[in-house]
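Here is a short briefing on charged side-chain contacts. Have the structure open as you read.

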Amino acid sequence: MPAAGGGRVRTCPGPAASVLLVAALCLAAAASASAKDRVVFFSTPSRGIGCVFSDPAKGASFLRCDVLDPAHPPKRPASCELDWGTAFGLSPRGHGRRLCVGDTALSQDARVLGYGHHRRLGPFRCASRRTGLRCTNRAHHGFSLARERQRLF
């Protein structure tokens with residue numbers, strides 16, 4: 001689960017920084033969520049991929065999914081001092097992004113999204129298959145995640 005105040009989420013410099021900042025704010029808000037805020041955790045049946053959807057009362061929705069143990073993690077960039085290659089974020093309109101994080105969206109208490117099923121959360125749609133999880137926004141951008149391969153689009 002995302003840390004409730006002690007966990008750190010660091011953004012990487014560049015044009016995606018504002019999108020990633022939204023993710024950090026959404027996850028931090030989960031700890032002090034008001035009745036109007038919505039935070040939903042879910043995972044694949046293998047528990048190898050876990051996600052958190054955040055829809056704050058004020059601000060943009062955000063989806064984050066983490067891969068427990070990717071087979072081929074990419075090299076961590078110098079701008080990231082935390083974990084790289086395991087967490088992926090998606091805003092309502094932007095492309096899927098890798099996140100530099102110090103916490104996790106994986107939770108053993110998360111509701112399971114069964115293989116062959118999909119779930120709509122705000123502007124996002126995630127479909128669970130035996131081959132992995134695919135999440136998209138309304139602009140048809142997103143990510144496909146599996147232990148063996150992660151793809152952003």
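This is a predicted model: local features need pLDDT of at least 70, side-chain atom pairs count only at pLDDT 80 or more; totals for chains, interfaces and linings use all residues.

- Arg-64 meets Asp-66 through their side chains in a salt bridge, at 2.9 Å from N to O.
- Arg-64 also forms a salt bridge with Asp-103, at 2.7 Å from N to O.
- Arg-64 lies in strand 4, which spans residues 62-67.
- Asp-103 sits in the loop between strand 6 (97-101) and strand 7 (111-112).
- The pair Arg-64 and Asp-103 therefore ties together parts that are 39 residues apart in sequence.

- The cut-off for buried is under 20% relative accessible area.
- Arg-64 has 0% relative accessibility, so Arg-64 counts as buried.
- Asp-66 has a relative accessible area of 2%, so Asp-66 is buried.
- Asp-103 has 12% relative accessibility, so Asp-103 counts as buried too.

**The Arg-147 bridge**
- Arg-147 forms a salt bridge with Glu-148.
- The closest N and O atoms of Arg-147 and Glu-148 are 3.4 Å apart.
- Arg-147 has 44% relative accessibility and counts as partly exposed.
- That label applies because 44% falls between the buried cut-off, under 20%, and the exposed cut-off, over 50%.

Key:
Residues are numbered from 1 along each chain as its sequence is written. Side-chain values use heavy atoms; hydrogens and water are left out. A salt bridge is a side-chain nitrogen of Lys or Arg within 4 Å of a carboxyl oxygen of Asp or Glu. Buried means under 20% relative accessible area, exposed over 50%, partly exposed in between (1.4 Å probe, protein chains only). Helices (H or I, at least four residues) and strands (E, at least two) are DSSP runs, numbered from the N terminus.
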